[in-house]
Amino acid sequence: MSEAHAGPLAHHFRDLDQQKEAASLGMWVFIAQEILFFGGLFATYAIYRHLYYDAFSAGSHHLSWKLGFYNTLVLIGSSFTMAMGVHSAATGRRRAITGWILATVLLGGVFLGVKYFEYSEKIAPCFGEGPHAGCLVPGARFDAGALHLDGAPAREVQIYYSLYFAMTGLHALHMIIGIPILLFIARNGWTGRYTPAWHTPVELVGLYWHFVDIIWIFLFPLLYLIGHR
Amino acid sequence: MSEHHVVSWKVYLGIFLILCVLTVATVGAAGRDFGAFNTAIALAIAVTKATLVVLFFMHVKYSPRLTTLVVSAGIAFLLLLIIFTGSDYISRGWPITPAG
């Protein structure tokens, strides 16, 4: 690797390739940690679903699988636009970087908008607001009457909704953190900061965004599609 | 200078379309009764989708072996967490759930 390429090479790296590999490896170690961060919730989910299958099925039936399906396509689409953003950086198309990343932000925003609608439908009734009935936030105000339980104990369904809010909430939080970072990258892309030789920040935020997409790929069938037959 | 692998945009588009088809498939499979296999099918589709994202969108297919090792370590510890906790719950008859 020649030193001629523009790019901020830190003095403790031999060349840009080594620097890029170190940064990428660091991001992957962070993602491995994130797998286990979400893993605790997935393990909890697996055990409680095993113990209270009927309750989880009843809880899942009350979610709109169509909204979950729609949001899955939106998020996969945002992963595609993100991959194209990284591709634009690698091929040195400055304006395309910004365009694809803004498209990613837009799709992420659509996802969160749908999520907001889904949440408010379940939370607003707890405060006597909104057009819908049936508070689905676990706790004293949880309204099991809104669900068709088929005999499943109400408090077991509350465990399902606890996990629903914890898992989708933690996932949404990751997206909310990701969007400002994407906007920062979009701006720097526009000003020509990234070159085919050095565009590590675009790649790293891409890894983060794809990871968040993978979490949703598991959340959708596990939360929305239990016992739909 | 090591080789910088630039994946064609057609690969990304292809992966995106496969992911869409698999999303439709997971909804379709959930609507049919495969008995105990419904969960297995849903997980198999999700794992396939995740693998495609990791290999192509996240470039692990074109990355150093060290990256593959880190990814594998993350997955291995996740499996340890789920399998060992799960086997404890299954084999010890706990918790004893009160009715209602």
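Residues are numbered from 1 along each chain as its sequence is written, and chains are lettered from A in the order in which they are written. Because the model is predicted, local features need pLDDT of at least 70 and side-chain atom pairs count only at pLDDT 80 or more, whereas totals for chains, interfaces and linings use all residues.

Confidence was examined for chain A. Its mean pLDDT (the predictor's confidence in each residue, from 0 to 100) is 92, and 96% of its residues reach 70 or more. Residues 1-5 of chain A fall below 50. Beyond near neighbours in sequence, this stretch has nine contacts in the model; two residues are in contact if their C-beta atoms, placed from the backbone, lie within 7 Å. Where pLDDT is low, the predicted coordinates should not be read in detail.

Chain B has three helices and zero strands. Helices (H or I, at least four residues) and strands (E, at least two) are DSSP runs, numbered from the N terminus. The pattern along the sequence of chain B is α-α-α. Of its 100 residues, 23% count as buried. A residue is buried if 20 or more other C-beta atoms lie within 10 Å of its own, exposed if 12 or fewer, and partly exposed in between, with C-beta atoms placed from the backbone. Chain B is assigned domain 1 (6-63) and domain 2 (64-95), with bounds from an automatic or database domain assignment. The C-alpha centres of these two domains of chain B lie 21 Å apart.

The contact between the chains takes 41 residues from chain B and 41 residues from chain A. On the chain B side, helix 1 (9-30), helix 2 (37-57) and helix 3 (65-91) each supply at least two residues. Helix 3 of chain B gives the largest share, 14 residues. By type, the chain B side divides into 27 nonpolar, 11 polar and three charged residues. Ala, Val, Leu, Ile, Met, Phe, Trp, Tyr, Cys and Pro count as nonpolar, Asp, Glu, Lys and Arg as charged, and the others, Gly among them, as polar.

In chain A, helix 3 (residues 65-90) is mostly covered: 20 of its 26 residues are buried. Gly92(A), with a positive phi near 70°, follows this helix. Met82(A) lies in helix 3 of chain A. Met82(A) counts as buried because it has 30 C-beta neighbours inside 10 Å. Not counting residues up to four places away in sequence, Met82(A) touches Thr104(A), Gly206(A), Trp209(A) and His210(A).

Definitions and conventions:
Expected span 1.5 Å × (residues − 1).
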